[in-house]
Amino acid sequence: MQISFRKLELIKQHAVQVFPEECCGLLAGKRETMLNGSLENVIHEIAPCRNRAWWNRIGSFEIALSDYLDVEREAIQAGYTVIGTYHSHTDAGAFPSQQDYESAPANHTSLIVAVRSGIVADARAWIHKEQSPFAEEKIHIRL
Ligand SMILES: [Zn+2]
């Protein structure tokens, strides 16, 4: 995945602002062919969303369907697609939980920010391939 330094910083700030609750948002962009011929997700827009989980926002997140559809419509108008989501983990690692595994659709990217005691500790991206566990998707920072 390619993401600009500034956008990744904004995601980290969102995670710190809502700590200890989990933050969440959507990632829009394109799958682009790199110079070496490989395909990579390039994030062009980030859309912070409100965590709509009603029972445990410290341990889970939920993006409202209406938020998703709004962001998807804007993304398509700009020539992008919704590539995945970002969310934070409270006092846990930046690794997908069982719940993340169950809720992420196939080919969906999950960017996870680990926040410990209110400070960002790690950020990792994961891609959920059909019929297989998450594979780590290396984050390349664009300046
Ligand atoms: Zn999670």
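These are my notebook entries from a look through this predicted model.

**Entry 1: overall layout**

I began with the secondary structure and got three helices and eight strands for the protein. Going along the sequence, I wrote the order down as β-α-β-β-α-β-α-β-β-β-β.

Next I checked burial, and 31% of the 143 residues are buried. For contacts I took those with a separation of 6 or more, and 60% of them are between residues 24 or more positions apart.

**Entry 2: the core**

Which residues have the most contacts inside the largest nonpolar core? I noted Ile11, Leu26, Leu27, Ala28 and Val113, in a core of 29 residues. Two helices, α1 (5–18) and α2 (65–77), each give two or more residues to this core. The strands that do so are β2 (24–33), β3 (39–49), β4 (81–90), β5 (108–116) and β6 (119–128).

I then picked Leu26 and listed what it touches, leaving out residues up to four places away in sequence. The list for Leu26 is Ala47, Cys49, Ile63, Tyr68, Val71, Val82 and Thr85.

**Entry 3: helix α1**

I compared the length of α1 with what its residue count predicts.

Which residues of α1 are buried? They are Leu8, Ile11, His14, Ala15 and Val18. Their arc around the axis is only 115°, so they sit on the same side of α1. As a reminder to myself, an α-helix has 3.6 residues a turn, so residues three or four places apart point the same way. On the face turned away from the buried side I found the exposed residues Phe5, Arg6 and Gln17.

Is Gln17 buried or exposed by the neighbour count? Gln17 counts as exposed because it has 12 C-beta neighbours inside 10 Å, and the cut-off for exposed is 12 or fewer. Gln17 and Gly118 are 101 residues apart in sequence, yet their C-alpha atoms are 8.5 Å apart.

**Entry 4: helix α2**

Just after α2 comes Gly79, with a positive phi of about 90°.

How many bridges join β2 to β3? I got ten, and the two strands run antiparallel. Within this pair Arg31 stands opposite Asn41 in β3. The hairpin has five residues between the strands, and Gly37 there takes a positive phi near 90°.

Then I went to β6 and β7 (134–137), which run antiparallel and are joined by four bridges. His128 stands opposite Phe134 in β7. This hairpin has five residues between its strands, and Gln131 in the turn has a positive phi of about 60°.

Where is Pro20? I placed Pro20 in the loop between α1 and β2. The peptide bond from Phe19 to Pro20 is cis, with omega near 10°.

Asp91 is not a glycine but has a positive phi, near 50°. I found Asp91 in the loop between β4 and α3 (98–103). Asp91 is partly exposed because 13 other C-beta atoms lie within 10 Å.

Ser117 is another non-glycine with a positive phi, here about 50°. Ser117 lies in the loop between β5 and β6. With 9 C-beta neighbours inside 10 Å, I put Ser117 down as exposed.

Key
Residues numbered from 1 in each chain as written. Predicted model: local features only at pLDDT ≥ 70, side-chain atom pairs only at ≥ 80, totals over all residues. Core = buried A, V, L, I, M, F, W, Y, C linked by C-beta atoms within 7 Å. Buried ≥ 20, exposed ≤ 12 C-beta atoms within 10 Å, placed from the backbone. Contact = placed C-beta atoms within 7 Å. Pairing = 2+ DSSP bridges. Arc of directions from axis to C-beta.
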